[in-house]
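Welcome! Here is a short tour of one protein model, going from a surface feature to the overall fold. Have a look at the structure first.

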Amino acid sequence: MTIEKQHSTWCNFYNFTTSKLAPYEQCDCFRPEGHKMPLMMENRYFHDPLRNNSLSFFQKFGHKFTFKSNWNVSDVHNVHDLITREDQLNFQLETEDWPYFIRNFVEKLNPKPTFFVFNEGIHAHRDFTNKKVRRQIVRALRESGMIGVYKTTTKYRLHNITNNNIMETSMIRDYELDFCKKVDLCLDLSWTWHVPMDYYSDYAHFKEPVYSWQNIQLMELLGVDNRHYKQMKQHFVGRKSQIDLSFV
């Protein structure tokens, strides 16, 4: 539908995307112009009570930056004005602790999520490489009654650059394999190693239809009919720049 670079400011981007999903989405979002990552947050709450559909997105940049919420968990579906200035920030929760975040925020959402899909991304992190932290996350998810889905990290345009600046020797790193064994479901996106460079919008982000494939793969994993995925595969493989999808 859109990408951030199509908008002159982050505020315009948040306004545009939220308006397209109105009246169902509220965006607890703020990003100052420039690179002030400690102040950045993008938490989105979509809720359609008539169709009984809800979807939340939480942003957390590795271990260096905390998860932040400007709203109380009980108020996330209420109508809010978009934050446009730094002096409007008033964090109701700020934590770097994954189990605390799961138990004291995600679990308390109403309606409570059925699935918790998570990944630490390409930003510098150390949490998931810690076996104790991995065990704590899995335990918190099981005690909360949510189905844990680990999403493997997609690949940089240049695959020899990683989130820890270490040469990768396998498609899925050891800590990700361990997560995939311990959680309920694993969304294996290691096929992104095979995406041609033409389908990257920058060093780390993709162009369509790559994100659509990822979303449809996730829906298939969660038990949704995958006929649209098969149709998309047949359509795209016939184009000049092909991707071998036999491994998906």
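Which residues form a positive surface patch? The patch is made up of Lys131, Lys132, Arg135 and Arg139. Please keep in mind that this is a predicted model.

Arginine 135 sits in helix 3, which spans residues 131-144. Its relative accessibility is 44%, so arginine 135 counts as partly exposed, since that class lies between the 20% and 50% cut-offs.

Next comes a loop residue. Asparagine 110 is found in the loop that links helix 2 (98-104) to strand 6 (115-118). With a relative accessible area of 63%, asparagine 110 is exposed, because the exposed class begins over 50%. Along the chain, asparagine 110 and aspartate 75 are 35 residues apart, and their C-alpha atoms are separated by 9.5 Å.

Here are the two residues side by side:

Now for the whole chain. The protein has six helices and eight strands, arranged along the sequence as α-β-β-β-β-β-α-β-α-β-α-β-α-α. It contains 248 residues, and 44% of them count as buried. Taking contacts between residues at least 6 apart in sequence, 61% join residues at least 24 apart. The accessible surface of the protein is about 14100 Å², with 50% belonging to carbon and sulfur atoms.

Note on methods:
Residues are numbered from 1 along each chain as its sequence is written. This is a predicted model: local features need pLDDT of at least 70, side-chain atom pairs count only at pLDDT 80 or more; totals for chains, interfaces and linings use all residues. Side-chain values use heavy atoms; hydrogens and water are left out. Helices (H or I, at least four residues) and strands (E, at least two) are DSSP runs, numbered from the N terminus. Buried means under 20% relative accessible area, exposed over 50%, partly exposed in between (1.4 Å probe, protein chains only). Contact means heavy atoms within 4.5 Å. Accessible areas come from the Shrake-Rupley method with a 1.4 Å probe; for residues, only the protein chains shown count as cover. Patches are made of residues with over 30% relative accessible area and no salt bridge: like charges are joined within 9 Å, nonpolar side chains (Val, Leu, Ile, Met, Phe, Trp, Tyr) within 5 Å. A salt bridge is a side-chain nitrogen of Lys or Arg within 4 Å of a carboxyl oxygen of Asp or Glu. Lys and Arg count as positive and Asp and Glu as negative; His and the chain ends are not counted. The place of a charge is taken as NZ of Lys, CZ of Arg, CG of Asp or CD of Glu.
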